[in-house]
Amino acid sequence: MTSKNLAVRCQNIMKTYDTGDQKVIALNGVNLDIATGELMMLVGPSGCGKTTLISVIAGILDQDSGLCELFGHDLLTMRSKDKLRFRAQNIGFVFQAFNLLPALNAAENVSVPLIINGVKRIEAERKAVQVLAQVGLGERVKSMPSQLSGGQQQRVAIARALVHSPRLIVCDEPTSALDHESGQNVMNLLKDVALSQDRALVIVTHDARIFSFADRIAEMDDGHIVKIVDNTAQLKNNSPKTL
Ligand code: ADP
Ligand code: MG
């Protein structure tokens, strides 16, 4: 694989949290390449570093050392203004806790990434309503987050991550609050939208119901990637998955 085809390149990423009285090593030498066109899932026990790793990949958190490149760009070396713009244009992030803005309704929440990228409000809301319909919330575009169930809020968060057609979508447990059918719908949508053209998708999950959507599944433990299962190779061999 040449670096031209890489959406994400992580080399020896280290990250320690220092809370004053103790240091926690969250990432301890992560190496991971994600190709364009690839859906990579990240699995592993609670506390093994999954959220920390995707936060570094998405430029939300700076690693202590090691190289992380997104589409050939090293976010650590960018000026903060350039990094903000790069992230706004290229990355969609679905947070584990959804992180919707409580004072904005569903359509306004989903419009935010477009407005940040300079799209006019009316146009942004029109597009937001379209994507909300795609996640099954066409009837709830005016609802405030507090009026929506957990599963509905999660789908608003997914619509917000998709709406500006970012090159990389990163999701932390995107189906945790969804029933089986909504989960499958959301995965089909993420796969369609995210993997058209030269895009990539990284999904942290415990949800075995969606493992079959992955191209590869990286298993983490204790701040490392311990194993990578290639679903596409297994499909070619027609043998069952081991995860
Ligand atoms: P996962 O998403 O796999 O559950 P995390 O990346 O959230 O794991 O956490 C990895 C380790 O880092 C855990 O031991 C966690 O307690 C610790 N950690 C995560 N965030 C912080 C933080 N902001 N401050 C201190 N420790 C943290
Ligand atoms: Mg986590």
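Grid points are joined across faces, edges and corners, and a volume is the space filled by probe spheres set on the points. Keep in mind that this is a predicted model, where local features need pLDDT of at least 70 and side-chain atom pairs count only at pLDDT 80 or more, but totals for chains, interfaces and linings use all residues. Residues are numbered from 1 along each chain as its sequence is written.

**Stop 1: the cavity.** Select Val-56, Gly-59, Leu-61, Asp-62, Gln-63, Cys-68, Asp-74, Leu-75, Leu-76 and Lys-83 to see its lining. That lining has five nonpolar, two polar and three charged residues (Ala, Val, Leu, Ile, Met, Phe, Trp, Tyr, Cys and Pro count as nonpolar, Asp, Glu, Lys and Arg as charged, and the others, Gly among them, as polar).

**Stop 2: the largest pocket.** Here the volume is about 440 Å³. Pick Arg-87, Ile-91, Phe-93, Pro-113 and Ile-116, the closest to the centre of the 18 residues that line this pocket. Now color by element: α2 (80–90), β6, α3 and α5 (150–162) each give two or more residues to the lining. Helices (H or I, at least four residues) and strands (E, at least two) are DSSP runs, numbered from the N terminus. By class, the lining of the largest pocket has 13 nonpolar, three polar and two charged residues.

**Stop 3: the second largest pocket.** This one comes in at about 200 Å³. Of its 18 lining residues, select Ser-46, Gly-47, Cys-48, Gly-49 and Lys-50, the closest to the centre. Two or more lining residues come from each of β2 (23–35) and α1 (50–57). The class count is six nonpolar, eight polar and four charged.

Stop 4: Jump to Phe-98, in the loop between β6 (91–94) and α3 (106–116). Phe-98 isn't a glycine, yet its phi is positive, about 70°. Then go to Glu-173, in the loop between β7 (168–172) and α6 (180–195); its phi is also positive, near 55°.

Is Glu-173 buried or exposed? Glu-173 counts as buried because its relative accessibility is 8% (buried means under 20% relative accessible area, exposed over 50%, partly exposed in between, with a 1.4 Å probe and protein chains only). Phe-98 is buried too, at 12%.

How values were computed
Chains lettered and ligands numbered in written order. Heavy atoms only, no water. 1 Å grid on protein atoms, 1.4 Å probe; cavity = no way out; pocket = protein on both sides within 12 Å on 5 of 7 lines; lining within 4 Å.
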